[in-house]
Amino acid sequence: MSDTDIKGIIADLDRWALGHLCSKLTWSILEERFGFSRQSLQAKSEIKAAYDNAKHALSGGLVKSREQTGKENEQLICEIERLKKEVEEFKRKEINWKKRWQRIAFHIRQKGMQVAAIDQGIPESAEGPTERETTNILRPFDKEIPPSGRV
């Protein structure tokens, strides 16, 4: 066994440890792959150390099988699709929210008022409404605005 053979075997074992090759690793697989006997492979301390490292990585769950990776990929794809739909729903709600505030601004102007006069912060001395009170205050505005009769 030459130094080039040893370096090639160690490189393969390192790739095995990283999960680039299949998740199953045995001496018999190495025998078939490289054409050396198990005894001659184990006799080289650097090959034995690389083999032990790869086995530890594979058995410790550090490397995932193709099935595990495929299953995780499917789950991630499903999550991505769900998040895309969620983003689309938020975009739709944002468009509706903007349209609503454009209508409100229009009707405020129709009443002869300025939006800036309405859209002011709550003074520090005043206590703002709770979330529940805000919901009750805004509930009537969730209804369709009836036509004003103006042309």
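**Exercise 1.** Determine whether Glu86 is buried, partly exposed or exposed, and then describe the salt bridge in which Glu86 takes part.

*Solution.* Glu86 has a relative accessible area of 35%, and with buried meaning under 20%, exposed over 50% and partly exposed in between (1.4 Å probe, protein chains only), Glu86 is partly exposed. This is a predicted model, in which local features need pLDDT of at least 70 and side-chain atom pairs count only at pLDDT 80 or more, while totals for chains, interfaces and linings use all residues. Residues are numbered from 1 along each chain as its sequence is written, and side-chain values use heavy atoms, with hydrogens and water left out.

A salt bridge requires a side-chain nitrogen of Lys or Arg within 4 Å of a carboxyl oxygen of Asp or Glu; the side chains of Glu86 and Arg82 form one, at 3.1 Å from N to O. Because Arg82 and Glu86 are four residues apart in helix 5 (residues 66–110), about one helical turn separates them, where a helix is a DSSP run (H or I, at least four residues) and numbering starts from the N terminus. Arg82 is partly exposed as well, at 45% relative accessibility.

**Exercise 2.** Describe how the rings of Trp27 and Tyr51 are arranged, and state where in the chain they lie.

*Solution.* Rings of Phe, Tyr and Trp (its six-membered ring) pair if their centres lie within 6.5 Å, and planes under 30 degrees apart count as stacked, over 60 as edge-to-face and the rest as tilted. Trp27 and Tyr51 are stacked, with 3.8 Å centre to centre and 20 degrees between the planes. The pair links distant parts of the chain, since Trp27 lies in helix 2 and Tyr51 in helix 4, 24 residues apart.

Definitions and conventions
Helix = DSSP H or I, 4+ residues; strand = E, 2+ residues; numbered from the N terminus.
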